[in-house]
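Have a look at it first, and then we'll go through a few spots together.

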Amino acid sequence: MTAPVRAADWSCPAPLREHARIVLGHGGGGILSAELVEHLFLPAFAPPGPDPASPGTDAAVLADAAVLAVPGGRIVFTTDSYVVRPLFFPGGSIGELAVHGTVNDLACRAAMPLALSAGFILEEGLELDLLGRVAQAMGRAAATVGVPIATGDTKVVERGLADGLYINTSGVGVVPAGVDVRPDRAAPGDRVLLSGPIGEHGIAVLSVRENLEFGGDVHSDTAPLHGLVAAMLTATRTGVHTLRDPTRGGLATSLCEIAAAARVGVEFTESAVPVPPVVAAACGFLGLDPLHIANEGRLVAFVAEADADAVLAAMRAHPHGRDAVAIGTVTAEHPGVVVARTAFGGTRVVDRPLGESLPRIC
Amino acid sequence: MRYLTEFHDPRLAATLLDTIAATATRRWTLMEVCGGQTHAIIRNGLDQLLADQVEFIHGPGCPVCVTPLEMIDRALTIAARPEVMLCSFGDMLRVPGSTTDLFTVRAHGGDVRVVYSPLDAVRLAEAHPDRQVVFFAVGFETTAPAAAMAAVTARRRGLTNFTMLVSHVLVPPAMRAVLASPDNRVEAFLAAGHVCTVMGTAQYEPIVAEHRVPIVVTGFEPLDLLDGVRHAITELEAGRTTLVNAYPRAVRPEGNPSARAMLEEVFTVCDRPWRGIGMIPASGWRLSPAWSQLDAELRFDIADLTVAESADCHSGEVLQGRLRPPQCPSFGTTCTPRRPLGATMVSAEGACAAYFQHRRLSAVGGGR
């Protein structure tokens, strides 16, 4: 009589042993794919097990689809893809960006994150060690936020068809009752608040990619903003009209998009916008506008005049908003157009950059 | 020197504005030669603040704007060849040629690279010995030394796969062309400071003397520009025609002798057509005969391209200061940065782009 089959012995005793790099088989859905999930992604994402606070959620098993228990209210759903080059840069990596970016898209609709998905497009030949470091960065970022990476997918493309590693993350979050934050709520009289200095992410990435030095250290500002938003909403539940994280295209693009969506004009004082000296130096050197440079840990808020001081104080009391400033106001004049008041008293129209002033930075 | 803060100081600017207002007895017409100066003026609103004292006519000093159409078309033809890697400054990629632009060539498979320095193109040639690397050398005397340095470096390293498509242009002949125009209104020039950093100031003495026009060598930060205007107004009000160096922190009378020596070694002066303006005698640089093996026009067969400008583009009149961008019937309608008819709407230094980006409200009759 033969011994019973022991399924546990089927698992590879030396996981990922044959390959220090991604091979096409890692995307084939077979044993190699399973090994990658079991030995690389699962430990990195460290699923905490069933969340006692969310009975019914099975996010811990990292299956093809996750079941989420949703508290009453409205759901926010978003997706974003991350193609940054280089993958690691001062202050972070594509891993932190992939978590923070999607959490921030939820936060800018005032949603507290409930769960994320992670999709990976990997290039044949990518070092497993590098992928492991990216996954661990994602895991750490998600743990800091307190959001599970609940489901995922991996595909591998042939060498030369991708730039190492692309990540897509989607996220769902829940909006607190009574909160209504959307681009077209910005209204004449609103104050425009900015959570901190601009341009650090874009210049940090540029500095390592082009091997340029600008006379000072510059680190990406990548950070999750859901906590800052929660702090702002404690100051007023209804007064926060519009939130936006100024990523690609920078602050100028965010202001222009909101002005267009809400059919209002925006006026801001250029000298009120904090630009770190190293960002100013890099932009001066390369002929770039700091208003067009990407950020990954900042938000701009349009807040009812009566609530603006309280919201600004709440922002400054939060670690991710301690340098928050009021930069301008919303006006009924020149709807759709953003106007900057220059330091010398003149004015100019501020527009979005036409295309990319820099290649792929977020 | 903390030029980003010190030369942007609003209090010092207010003092200079007061001085200019107290000095000017009438409105004077000044031409800032360089496109970088145009953008700084518009971006900081200096033209608004000086509206009662100065009419700025925006000069032809945008290298991207004046690069002749046939030269763009040659670059496009070369870039489309399978063995070629064409390297250029970023601004050139969107400049429309007769039928397409470098971005489109790249989207169709052409190998077009943006470089920050001509020496980056030399490095690419070293790293890719199987590719023909071509540097598209455009610009005024400011950028030419770096191109000359690239030629010298490529020869020193024995590279046989590096060539240059040279379309350098010279500022003083263009200023003479403006002054010789029958409808010239320019009463004083703000000369392009960085050109003078390389070439020095002596070449402007004969222009001042022959045309009885003050020339003020001027920098690019807001306070530099206001100081340049102050000097120009002072000269005009006093009835003097003098060459003034208002940018002494970057400009010496003799310029940069080593750069000039290298320019003289590598380039030779030639006639050059300026886009929108026409042929200006002795207004350009080409590779001198001793460097002809680096000449992309000889390496590749690009003879006799026929070219045609858009009839609706008035960039020539803009470049000569005869038309303000918003006065062009195409401005903001059929010609925008997204679909430029001419190079002045493309370049970061182009006057039309400056007005479109920063002055659209007044230009198209909106609010203020």
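How many helices and strands does chain B have? Keep in mind that this is a predicted model. Chain B comes out with 18 helices and eleven strands. Its radius of gyration is 21 Å, close to the 21 Å from the globule rule for 368 residues, so chain B is as compact as a globular protein of that length. Here are the overall numbers for that chain.

| Property of chain B | Value |
|---|---|
| Box filled by the C-alpha atoms, along the principal axes | roughly 65 × 45 × 40 Å |
| Buried share of the 368 residues | 52% |
| Share joining residues at least 24 apart, among contacts between residues at least 6 apart in sequence | 77% |

Next up is where the chains meet. On the chain B side, 24 residues are in contact with 18 residues of chain A. Which elements of chain B each bring at least two residues to that side? They are α2 (10-23), α3 (35-43), α4 (46-49), α17 (351-358) and α18 (360-363). The largest share, three residues, comes from α4(B). Sorted by class, the side of chain B that touches chain A has eleven nonpolar, eight polar and five charged residues.

Now over to chain A and a pair of helices. Two packed helices are described by the angle between their axes and the distance between the axes. For α5 (residues 226-235) and α8 (residues 305-316) of chain A, the angle is about 145° and the axes are 8 Å apart. The crossing of α5(A) past α8(A) is right-handed. From α5(A), the residues that meet the other helix are Leu228(A), Ala231(A), Met232(A), Thr234(A) and Ala235(A), and their counterparts in α8(A) are Asp307(A), Ala310(A), Val311(A), Ala314(A) and Met315(A). Count up that contact by class and you get eight nonpolar residues, one polar and one charged.

One last stop in chain A is Asp105(A), which sits in helix α2 (residues 94-107). Is Asp105(A) buried or exposed? With 24 other C-beta atoms within 10 Å, Asp105(A) is buried, because 20 or more is what it takes to count as buried. Leaving aside residues up to four places away in sequence, Asp105(A) touches Thr78(A), Asp80(A) and Gly171(A). There's also Leu243(A): 138 residues separate Asp105(A) and Leu243(A) along the chain, while their C-alpha atoms are 9.5 Å apart.

Note on methods
Residues numbered from 1 in each chain as written. Chains lettered and ligands numbered in written order. Predicted model: local features only at pLDDT ≥ 70, side-chain atom pairs only at ≥ 80, totals over all residues. Axes fitted to C-alpha atoms, helices over the stretch in contact; angles between N-to-C directions. Helix = DSSP H or I, 4+ residues; strand = E, 2+ residues; numbered from the N terminus. Left-handed = near helix turned anticlockwise from the far one by under 90°. Contact = placed C-beta atoms within 7 Å. Nonpolar A, V, L, I, M, F, W, Y, C, P; charged D, E, K, R; others polar. Buried ≥ 20, exposed ≤ 12 C-beta atoms within 10 Å, placed from the backbone. Rg over C-alpha atoms; globule rule 2.2 N^0.38 Å.
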